[in-house]
Amino acid sequence: MVFLNRLILGTAQFGMRYSLAENMPSKEDVNRILDYAFDLGIRQLDTAPSYGESETRIGEWLHSRKKTNDFWLCTKMDKMPSMNSGKQVAQQVCDGITASRKRLCCDRLQGYLAHHSQDILNPYIQDSFLGAQNQGWIGDFGASCYAPEEVVKIQKTYSPANLFQIPASILDKRFENIATRSKLTTTHSQAPKFILRSVMLRGLLTLDHNYLPDNISYLRKPILLLKDLASAQNLSTAAFCMLYVLSRHENASITFGVLKFDQLNTIREITSVQPMNLNILAEIDKNIAAIDARLVDLRTIS
(Lines give C-alpha, C1' and ligand atoms only; values in the text may rest on other atoms or scores of the structure.)
Protein backbone atom coordinates (compact mmCIF):
# COMPACT_ATOMS: atom_id res chain seq x y z
CA MET A 1 0.00 0.00 0.00
CA VAL A 2 2.93 2.30 -0.76
CA PHE A 3 1.01 4.80 -2.88
CA LEU A 4 -2.47 4.91 -1.34
CA ASN A 5 -2.08 8.30 0.34
CA ARG A 6 -1.05 9.80 -3.01
CA LEU A 7 -4.02 8.57 -5.05
CA ILE A 8 -6.97 10.88 -5.72
CA LEU A 9 -10.09 9.66 -7.48
CA GLY A 10 -11.04 12.11 -10.21
CA THR A 11 -14.78 12.38 -10.72
CA ALA A 12 -15.46 14.42 -13.87
CA GLN A 13 -17.01 11.33 -15.44
CA PHE A 14 -19.48 11.04 -12.55
CA GLY A 15 -21.50 14.01 -13.72
CA MET A 16 -21.00 14.36 -17.44
CA ARG A 17 -19.86 12.61 -20.60
CA TYR A 18 -16.10 12.85 -20.36
CA SER A 19 -13.21 12.13 -22.70
CA LEU A 20 -13.65 8.75 -24.44
CA ALA A 21 -16.82 7.80 -22.58
CA GLU A 22 -20.02 7.45 -24.60
CA ASN A 23 -22.15 7.85 -21.49
CA MET A 24 -21.65 8.81 -17.88
CA PRO A 25 -22.17 6.19 -15.16
CA SER A 26 -25.59 5.86 -13.56
CA LYS A 27 -26.10 6.98 -9.97
CA GLU A 28 -25.96 3.34 -8.92
CA ASP A 29 -22.69 2.84 -10.80
CA VAL A 30 -21.20 5.94 -9.13
CA ASN A 31 -22.16 4.59 -5.71
CA ARG A 32 -20.62 1.24 -6.57
CA ILE A 33 -17.38 2.89 -7.72
CA LEU A 34 -17.16 5.01 -4.56
CA ASP A 35 -17.91 2.01 -2.33
CA TYR A 36 -15.16 -0.01 -3.98
CA ALA A 37 -12.72 2.91 -3.91
CA PHE A 38 -13.32 3.28 -0.19
CA ASP A 39 -12.80 -0.44 0.36
CA LEU A 40 -9.48 -0.17 -1.50
CA GLY A 41 -8.38 2.63 0.80
CA ILE A 42 -8.90 5.68 -1.44
CA ARG A 43 -9.57 8.69 0.78
CA GLN A 44 -9.21 11.65 -1.61
CA LEU A 45 -11.66 12.94 -4.22
CA ASP A 46 -11.30 15.64 -6.88
CA THR A 47 -14.33 17.30 -8.45
CA ALA A 48 -15.71 20.62 -9.75
CA PRO A 49 -19.06 22.37 -10.29
CA SER A 50 -18.39 22.29 -14.03
CA TYR A 51 -18.44 18.48 -13.91
CA GLY A 52 -22.23 18.43 -14.11
CA GLU A 53 -23.79 16.34 -11.34
CA SER A 54 -20.46 15.16 -9.90
CA GLU A 55 -20.46 17.21 -6.68
CA THR A 56 -24.11 16.34 -5.99
CA ARG A 57 -23.60 12.62 -6.56
CA ILE A 58 -20.51 12.57 -4.35
CA GLY A 59 -22.32 14.51 -1.63
CA GLU A 60 -25.27 12.15 -1.68
CA TRP A 61 -22.94 9.17 -1.37
CA LEU A 62 -20.92 10.76 1.45
CA HIS A 63 -24.12 11.62 3.32
CA SER A 64 -25.76 8.23 2.83
CA ARG A 65 -22.60 6.36 3.91
CA LYS A 66 -21.85 8.83 6.73
CA LYS A 67 -18.30 9.25 5.42
CA THR A 68 -18.08 13.04 4.97
CA ASN A 69 -15.29 13.32 7.53
CA ASP A 70 -13.34 10.42 6.03
CA PHE A 71 -12.30 12.16 2.81
CA TRP A 72 -9.97 14.90 1.63
CA LEU A 73 -12.15 16.80 -0.84
CA CYS A 74 -10.89 19.13 -3.55
CA THR A 75 -13.12 21.14 -5.85
CA LYS A 76 -12.76 24.21 -8.05
CA MET A 77 -14.07 27.70 -8.66
CA ASP A 78 -15.79 28.21 -12.00
CA LYS A 79 -14.36 30.84 -14.33
CA MET A 80 -15.02 34.21 -12.74
CA PRO A 81 -17.05 36.72 -14.79
CA SER A 82 -15.56 40.18 -15.29
CA MET A 83 -16.20 42.31 -12.21
CA ASN A 84 -14.69 45.59 -11.06
CA SER A 85 -16.00 45.58 -7.52
CA GLY A 86 -14.13 43.76 -4.78
CA LYS A 87 -17.44 43.31 -2.97
CA GLN A 88 -18.99 41.62 -6.01
CA VAL A 89 -16.01 39.30 -6.42
CA ALA A 90 -16.02 38.38 -2.73
CA GLN A 91 -19.72 37.55 -2.91
CA GLN A 92 -19.23 35.44 -6.05
CA VAL A 93 -16.39 33.47 -4.45
CA CYS A 94 -18.33 33.05 -1.21
CA ASP A 95 -21.43 31.85 -3.06
CA GLY A 96 -19.37 29.36 -5.10
CA ILE A 97 -17.67 27.87 -2.05
CA THR A 98 -20.94 27.73 -0.12
CA ALA A 99 -22.71 25.97 -3.01
CA SER A 100 -19.93 23.38 -3.35
CA ARG A 101 -19.90 22.70 0.39
CA LYS A 102 -23.66 22.23 0.31
CA ARG A 103 -23.58 19.88 -2.67
CA LEU A 104 -20.73 17.88 -1.14
CA CYS A 105 -22.44 17.80 2.27
CA CYS A 106 -19.31 19.04 4.02
CA ASP A 107 -18.28 21.99 6.15
CA ARG A 108 -14.75 22.30 4.79
CA LEU A 109 -13.09 21.81 1.41
CA GLN A 110 -9.53 20.64 2.08
CA GLY A 111 -8.47 21.72 -1.40
CA TYR A 112 -9.85 24.58 -3.51
CA LEU A 113 -8.60 25.58 -6.95
CA ALA A 114 -9.28 28.28 -9.48
CA HIS A 115 -10.34 26.20 -12.48
CA HIS A 116 -8.95 28.94 -14.74
CA SER A 117 -5.48 29.81 -13.50
CA GLN A 118 -5.61 33.47 -14.55
CA ASP A 119 -8.44 34.09 -12.09
CA ILE A 120 -6.21 33.63 -9.08
CA LEU A 121 -4.05 36.54 -10.23
CA ASN A 122 -7.00 38.85 -9.50
CA PRO A 123 -6.26 40.59 -6.14
CA TYR A 124 -9.95 40.54 -5.20
CA ILE A 125 -10.07 36.77 -5.68
CA GLN A 126 -6.85 36.37 -3.73
CA ASP A 127 -8.36 38.27 -0.80
CA SER A 128 -11.53 36.18 -1.05
CA PHE A 129 -9.61 32.89 -0.98
CA LEU A 130 -7.66 33.99 2.07
CA GLY A 131 -10.88 35.12 3.74
CA ALA A 132 -12.50 31.74 3.07
CA GLN A 133 -9.44 30.00 4.46
CA ASN A 134 -9.54 32.14 7.59
CA GLN A 135 -13.22 31.25 7.99
CA GLY A 136 -12.27 27.57 7.88
CA TRP A 137 -14.27 26.93 4.71
CA ILE A 138 -11.25 25.88 2.65
CA GLY A 139 -7.79 24.50 3.36
CA ASP A 140 -4.99 24.59 0.79
CA PHE A 141 -5.79 26.60 -2.32
CA GLY A 142 -4.28 27.41 -5.69
CA ALA A 143 -5.06 26.79 -9.34
CA SER A 144 -5.45 24.24 -12.09
CA CYS A 145 -2.74 24.98 -14.67
CA TYR A 146 -1.89 23.91 -18.20
CA ALA A 147 1.59 25.39 -18.66
CA PRO A 148 4.63 25.59 -16.33
CA GLU A 149 4.84 29.35 -16.65
CA GLU A 150 1.37 29.64 -15.13
CA VAL A 151 2.58 27.96 -11.92
CA VAL A 152 5.73 30.06 -11.79
CA LYS A 153 3.81 33.30 -12.28
CA ILE A 154 1.28 32.48 -9.58
CA GLN A 155 3.99 31.50 -7.11
CA LYS A 156 5.96 34.67 -7.77
CA THR A 157 3.00 37.02 -7.54
CA TYR A 158 0.83 35.31 -4.93
CA SER A 159 2.81 33.29 -2.45
CA PRO A 160 -0.10 31.98 -0.28
CA ALA A 161 -1.23 29.78 -3.18
CA ASN A 162 0.29 26.37 -2.50
CA LEU A 163 -1.87 23.81 -4.29
CA PHE A 164 -1.54 23.19 -8.03
CA GLN A 165 -3.12 20.69 -10.38
CA ILE A 166 -0.97 20.10 -13.47
CA PRO A 167 -0.76 17.60 -16.34
CA ALA A 168 1.98 14.96 -16.28
CA SER A 169 2.44 11.65 -18.02
CA ILE A 170 5.09 9.35 -19.38
CA LEU A 171 4.92 11.41 -22.61
CA ASP A 172 4.44 14.85 -21.08
CA LYS A 173 7.41 16.17 -19.11
CA ARG A 174 6.72 19.90 -19.35
CA PHE A 175 6.31 20.25 -15.60
CA GLU A 176 9.04 17.83 -14.58
CA ASN A 177 11.40 20.35 -12.97
CA ILE A 178 8.55 22.12 -11.18
CA ALA A 179 6.77 19.04 -9.84
CA THR A 180 9.93 17.31 -8.60
CA ARG A 181 11.32 20.27 -6.68
CA SER A 182 10.54 20.48 -2.99
CA LYS A 183 10.14 24.26 -3.28
CA LEU A 184 9.84 27.00 -5.82
CA THR A 185 11.32 30.46 -5.43
CA THR A 186 8.70 31.88 -3.11
CA THR A 187 8.31 33.76 0.13
CA HIS A 188 5.73 31.23 1.27
CA SER A 189 7.08 29.04 4.07
CA GLN A 190 5.20 25.93 2.96
CA ALA A 191 6.37 23.98 -0.08
CA PRO A 192 3.76 23.80 -2.86
CA LYS A 193 1.68 20.66 -3.25
CA PHE A 194 1.08 19.15 -6.68
CA ILE A 195 -1.75 17.02 -7.98
CA LEU A 196 -0.81 15.44 -11.30
CA ARG A 197 -3.63 14.87 -13.77
CA SER A 198 -3.94 13.40 -17.29
CA VAL A 199 -1.53 10.62 -16.33
CA MET A 200 -3.03 8.45 -19.08
CA LEU A 201 -4.03 11.37 -21.33
CA ARG A 202 -7.67 10.73 -20.38
CA GLY A 203 -7.36 7.11 -21.41
CA LEU A 204 -5.69 7.68 -24.78
CA LEU A 205 -2.54 5.84 -23.67
CA THR A 206 -4.53 2.69 -22.95
CA LEU A 207 -6.22 2.50 -26.36
CA ASP A 208 -5.42 -0.23 -28.87
CA HIS A 209 -2.73 1.31 -31.06
CA ASN A 210 -4.30 -0.28 -34.14
CA TYR A 211 -7.52 1.70 -33.79
CA LEU A 212 -6.41 5.23 -33.00
CA PRO A 213 -8.21 8.08 -34.79
CA ASP A 214 -6.14 9.77 -37.47
CA ASN A 215 -5.86 13.00 -35.48
CA ILE A 216 -3.79 11.21 -32.81
CA SER A 217 -2.02 8.69 -35.03
CA TYR A 218 1.32 10.00 -33.70
CA LEU A 219 0.54 8.13 -30.47
CA ARG A 220 0.61 4.70 -32.13
CA LYS A 221 4.31 4.02 -31.67
CA PRO A 222 4.48 5.28 -28.04
CA ILE A 223 1.37 3.28 -27.10
CA LEU A 224 2.83 0.08 -28.58
CA LEU A 225 6.07 0.68 -26.70
CA LEU A 226 4.14 1.34 -23.50
CA LYS A 227 2.28 -1.95 -23.87
CA ASP A 228 5.54 -3.86 -24.30
CA LEU A 229 7.25 -2.11 -21.39
CA ALA A 230 4.24 -2.68 -19.13
CA SER A 231 4.13 -6.36 -20.07
CA ALA A 232 7.81 -6.71 -19.16
CA GLN A 233 6.93 -5.40 -15.69
CA ASN A 234 3.87 -7.70 -15.46
CA LEU A 235 1.59 -4.67 -15.31
CA SER A 236 -1.35 -3.40 -17.30
CA THR A 237 -0.64 -0.30 -19.39
CA ALA A 238 -2.78 1.81 -17.05
CA ALA A 239 -0.92 0.62 -13.96
CA PHE A 240 2.43 1.10 -15.70
CA CYS A 241 1.60 4.72 -16.61
CA MET A 242 0.47 5.50 -13.07
CA LEU A 243 3.46 3.77 -11.48
CA TYR A 244 5.88 5.67 -13.71
CA VAL A 245 4.46 9.08 -12.77
CA LEU A 246 4.24 8.22 -9.06
CA SER A 247 7.85 7.04 -9.11
CA ARG A 248 9.13 9.99 -11.14
CA HIS A 249 7.37 12.59 -8.96
CA GLU A 250 7.73 11.12 -5.51
CA ASN A 251 6.39 14.18 -3.67
CA ALA A 252 3.23 14.60 -5.77
CA SER A 253 -0.21 13.00 -5.78
CA ILE A 254 -2.03 11.86 -8.89
CA THR A 255 -5.68 12.01 -9.86
CA PHE A 256 -7.22 9.25 -11.96
CA GLY A 257 -10.72 8.57 -13.23
CA VAL A 258 -12.71 5.38 -13.78
CA LEU A 259 -15.99 4.68 -15.55
CA LYS A 260 -16.62 1.21 -14.10
CA PHE A 261 -15.85 -0.07 -10.65
CA ASP A 262 -13.71 -2.95 -11.93
CA GLN A 263 -11.29 -0.44 -13.47
CA LEU A 264 -10.25 0.27 -9.90
CA ASN A 265 -8.41 -3.05 -9.97
CA THR A 266 -5.55 -1.03 -11.46
CA ILE A 267 -5.15 0.39 -7.94
CA ARG A 268 -4.64 -3.12 -6.61
CA GLU A 269 -1.79 -3.52 -9.09
CA ILE A 270 0.14 -0.41 -8.13
CA THR A 271 -0.41 -0.65 -4.37
CA SER A 272 1.18 -4.08 -4.31
CA VAL A 273 4.47 -3.05 -5.98
CA GLN A 274 7.40 -0.84 -5.06
CA PRO A 275 8.30 2.41 -6.86
CA MET A 276 10.34 2.07 -10.04
CA ASN A 277 14.05 2.52 -9.38
CA LEU A 278 16.18 5.08 -11.16
CA ASN A 279 17.61 2.53 -13.60
CA ILE A 280 14.15 1.46 -14.75
CA LEU A 281 13.01 5.08 -15.07
CA ALA A 282 16.11 5.90 -17.12
CA GLU A 283 15.51 2.91 -19.40
CA ILE A 284 11.90 3.95 -19.94
CA ASP A 285 12.93 7.51 -20.74
CA LYS A 286 15.53 6.19 -23.18
CA ASN A 287 12.91 4.16 -25.03
CA ILE A 288 10.06 6.66 -24.92
CA ALA A 289 10.99 10.24 -25.69
CA ALA A 290 8.73 13.07 -24.58
CA ILE A 291 6.38 14.21 -27.33
CA ASP A 292 6.06 17.82 -28.45
CA ALA A 293 4.01 19.57 -25.76
CA ARG A 294 1.56 20.82 -28.36
CA LEU A 295 0.68 17.24 -29.23
CA VAL A 296 -0.17 16.14 -25.69
CA ASP A 297 -2.10 19.25 -24.65
CA LEU A 298 -5.59 17.91 -24.07
CA ARG A 299 -7.09 21.29 -24.94
CA THR A 300 -6.07 20.64 -28.53
CA ILE A 301 -6.57 16.88 -28.89
CA SER A 302 -9.77 16.25 -26.92
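Reader: With which residue does D214 form a salt bridge, and how far apart are the closest N and O atoms?

Author: The model is a predicted one. As a general idea, side chains of opposite charge can pair when their charged atoms come close. Here D214 forms a salt bridge with R220, and the closest N and O atoms are 3.9 Å apart. D214 counts as exposed because its relative accessibility is 65%, whereas R220, with a relative accessible area of 32%, is partly exposed. Elsewhere, salt bridges that share partners join K173, E176, R248 and D285 into one network.

Reader: How many salt bridges does a search of the whole structure find?

Author: The search finds 11 salt bridges. One of them links the side chains of K193 and D140, at 2.6 Å from N to O. This pair connects distant parts of the chain: K193 lies in strand 7 (residues 193–197) and D140 in strand 5 (residues 138–144), 53 residues apart.

Reader: Is D140 buried or exposed?

Author: The cut-off for buried is under 20% relative accessible area. D140 has 15% relative accessibility and therefore counts as buried. D172 is buried, with a relative accessible area of 4%, while R174 is partly exposed at 23%.

Reader: Which residues have the most contacts inside the largest nonpolar core?

Author: In soluble globular proteins, nonpolar side chains tend to be buried together. The largest nonpolar core of this model has 88 residues, and L7, L9 and I267 are those with the most contacts inside it. Helix 8 supplies the largest share of this core, namely nine residues. Leaving aside residues up to four places away in sequence, I267 touches L4, L7, L40, I42, M242 and F256. A second, separate core has six residues, among them I8, W72, L113 and L163.

Reader: At what angle do helix 7 and helix 8 pack?

Author: Helix 7 (residues 220–232) and helix 8 pack at about 85 degrees, with their axes 9 Å apart. Angles of 65 to 115 degrees count as roughly perpendicular, so helix 7 is roughly perpendicular to helix 8. In this packing, L226, K227, L229 and A230 of helix 7 meet T237, F240 and C241 of helix 8.

Reader: Where is T237 placed, and which residues does it touch?

Author: T237 belongs to helix 8, which spans residues 237–248. Beyond residues up to four places away in sequence, T237 touches L205, T206, L226, K227 and A230. T237 counts as buried because its relative accessibility is 17%.

Reader: How does one read the crossing of helix 3 and helix 4, and what is its handedness?

Author: One begins with the distance and the angle: the axes of helix 3 (residues 86–103) and helix 4 (residues 123–135) come within 9 Å and cross at roughly 45 degrees. That angle makes helix 3 oblique to helix 4. The crossing is right-handed. On the side of helix 3, the contact is made by G86, V89, A90, V93 and I97. Helix 4 contributes Y124, I125, S128, F129 and A132 to the contact.

Terms used
Residues are numbered from 1 along each chain as its sequence is written. This is a predicted model: local features need pLDDT of at least 70, side-chain atom pairs count only at pLDDT 80 or more; totals for chains, interfaces and linings use all residues. Side-chain values use heavy atoms; hydrogens and water are left out. Helices (H or I, at least four residues) and strands (E, at least two) are DSSP runs, numbered from the N terminus. Buried means under 20% relative accessible area, exposed over 50%, partly exposed in between (1.4 Å probe, protein chains only). Contact means heavy atoms within 4.5 Å. A salt bridge is a side-chain nitrogen of Lys or Arg within 4 Å of a carboxyl oxygen of Asp or Glu. A nonpolar core is a set of buried Ala, Val, Leu, Ile, Met, Phe, Trp, Tyr and Cys residues joined through side-chain atoms within 4.5 Å. Axes are lines fitted to C-alpha atoms, for helices over the stretch in contact, and angles run from 0 to 180 degrees between N-to-C directions. Angles under 35 degrees count as roughly parallel, over 145 as roughly antiparallel, 65 to 115 as roughly perpendicular and the rest as oblique. A crossing is left-handed if the near helix is turned anticlockwise from the far one by less than a right angle, and right-handed if clockwise.
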